[in-house]
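Here are my notes on the two-chain model you sent over. Have it open while you read, and go through the points in order.

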Amino acid sequence: MSSVLYDTPGPRAKRRNVLVSVVFFVLLAALAWWIWQVLDDKNQLRWALWQPFTTSQAWTTYLLPGLTNTLKAAALAMIIALPLGAVFGIARLSDHRWVRSVAGVVVEFFRAIPVLLLMLFANEFFSRYTQVTSDDRPFYAVVTGLVLYNASVLAEVVRAGILALPKGQTEAAYAIGLRKGQTMTSILLPQAVTAMLPAIVSQLVVIVKDTALGGVMLGFAELLSERGTLAANYANVIASFVVVAAIYIVLNFALTSFASWLEGRLRRSKRGTGAVLGAEDMEELNPAAVGGGFGAGSAA
Amino acid sequence: MARRRFERWRAPPSTYATHPEAREIVFDFLQGYDVLGAFWTTVQLTLLSAVGSLVWGTLLAAMRVSPVPLMRGFGTAYVNIVRNIPLTIIILFASLGLADIFGATMGASDFKVQGFRLAVLGLVGYTAAFVCEAIRSGINTVPLGQAEAARAIGLNFTQTLRLIVLPQAFRAVIGPLANVLIALTKNTTVAAAIGVAEAATLMKTMIENEAQTLAIGAVFALGFVVLTLPMGLLLGWVGKRLAVKR
């Protein structure tokens, strides 16, 4: 194979590659062996510690309720953040300077703040100024923090999605006599939302990952904090970490794959303007965004 | 006209001068807390993790574009696994797994230093995946024709890399890397999960013990705006200036 960095290997390069492969394999194997030894030494590999995950009890008592809470918080945050983000995204494109700049300041402010600070603040705010019970508070705080942060990220996505549409769309809408509001709601926004779908799904990965913060810092009973309860019960630190991490990986990998599938489908589709906001664009808008790059094995 | 309005607006707040105790009442929630010290820890976490993840991320990127399939596979697997795990898990595992079970005390004598170093380790491992992707995408922005032309005029591999490909890739990568750095700055707050005394940890303590919820929130929010905003503006400007125009 050829890339920008190197030619198709000849006989000498092939031999060198084999040698490097062998050395690298030995290093990896040594690392794996060391990890195995330590785990064995610390009795972390005993079947008794892994066995709970083959029973339904560990799943129905800890993991599934935790996962449900994670998904509930993530879905709710996305559902609230989406319209909020759309409003701010459109406001940033307003013709009125005051609307534009105020929306801009709000969006940039919430994008600059760590989501953990927003969660901590929301938690304290709810405890002081509202009647939310202490059982529900972590959930409310996590969702509030996620909404504030992700609405500002989605505002940028909406803005980019609308800007990505060809200018002719607006011009044609004006030409047939639509007003600004009508142009936005019946011409630009529907197309922008379609173009944004892959980016929105990738943002869901970020939200799912951020719910874990609420679990550790606020005691929200999501997947990661349920891991703590489970590990306290079965004394299986390593096993519980491995299983919970695997659940996150499978979940997020599925979401990312879905996003790339959507992206490919939208890019190929003959209808529409062909404007698509993919995971790659997302990384520019939201530094913490994950996604894209799957299956793209090397620089080709 | 404008000046007169300004003066009229300015006149009242002489209360601080006439009643010195007013200042103490307004700002007394900061008493006894080392806010600057906490932010200094945040800055240290950011800088150390930035250097570490730049090194490890570059190595990973080199693996992902290398001609050796095993290294490519390792790089791809690492990036895809790490990017799909919450940072909170990684930081927590650094403390409960690496330190407690693997005995990685990081050469620290007390728990404070150990927690700090473990947090840096976790942040490096996590951020490196994003650095790797940024660098790889930078290499991908260099058109194939550039390297082909370089080889056609007789440059060898190292010359092609050093003179043609990397200078262009490096300049394309500044913008994406700036975004990673900003994300890293915000992500250092996750170190609060293992009790590192940085900004978020202090904010949690203060907000629970002091009455001025809003003021405390504002102080810490402002701290992060001050840290990340100039970073984004400066590096964004540098990145735009240096970008290769195609």
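1. Helices are DSSP runs of H or I with at least four residues, strands are runs of E with at least two, and both are numbered from the N terminus. This is a predicted model, where local features need pLDDT of at least 70, side-chain atom pairs count only at pLDDT 80 or more, and totals for chains, interfaces and linings use all residues. Residues are numbered from 1 along each chain as its sequence is written, while chains are lettered from A and ligands numbered from 1 in the order in which they are written.

2. Start with chain A, where the axes of helix H3 (residues 56–92) and helix H4 (residues 97–112) come within 7 Å and cross at roughly 130°. H3(A) and H4(A) are therefore oblique to each other (under 35 degrees is roughly parallel, over 145 roughly antiparallel, 65 to 115 roughly perpendicular, and the rest oblique). Their crossing is left-handed, meaning that the near helix is turned anticlockwise from the far one by less than a right angle; clockwise would be right-handed.

3. Which residues of H3(A) and H4(A) meet? On the H3(A) side they are Phe88(A), Ala91(A) and Arg92(A), and on the H4(A) side Val99(A), Arg100(A), Ala103(A), Gly104(A), Val106(A) and Val107(A). Contact here means C-beta atoms, placed from the backbone, within 7 Å. By class, that is six nonpolar, one polar and two charged residues (Ala, Val, Leu, Ile, Met, Phe, Trp, Tyr, Cys and Pro are nonpolar, Asp, Glu, Lys and Arg charged, and the others, Gly among them, polar).

4. Over in chain B, helix H4 (residues 35–64) and helix H9 (residues 157–187) have axes that come within 9 Å and cross at roughly 135°. H4(B) and H9(B) are therefore oblique as well, and H4(B) passes H9(B) in a right-handed crossing. Thr46(B), Ser49(B) and Ala50(B) of H4(B) make the contact with Leu181(B), Leu184(B) and Thr185(B) of H9(B). The tally is three nonpolar, three polar and no charged residues.

5. Stay with H4(B) for its buried residues, which include Thr46(B), Ser49(B), Leu60(B) and Arg64(B). Buried means 20 or more other C-beta atoms within 10 Å of the residue's own, exposed means 12 or fewer, and partly exposed is in between, with C-beta atoms placed from the backbone. H5, H7, H9 and H10 of chain B are among the elements covering the buried residues of H4(B).

6. Now the chain-chain interface: 56 residues of chain B are in contact with 49 residues of chain A. H9(B) gives the most to chain B's side, with nine residues. By class, that side has 37 nonpolar, eleven polar and eight charged residues.

7. Two loop residues in chain A deserve a look. Asn43(A), in the loop between helix H1 (11–41) and helix H2 (47–50), has a positive phi near 60° without being a glycine. With 12 C-beta neighbours inside 10 Å, Asn43(A) counts as exposed. Ala235(A) sits in the loop between helix H9 (223–234) and helix H10 (237–268) of chain A, and its phi is also positive, at about 55°. Having 13 C-beta neighbours inside 10 Å, Ala235(A) counts as partly exposed.

Terms used:
Axes are lines fitted to C-alpha atoms, for helices over the stretch in contact, and angles run from 0 to 180 degrees between N-to-C directions. Two residues are in contact if their C-beta atoms, placed from the backbone, lie within 7 Å.
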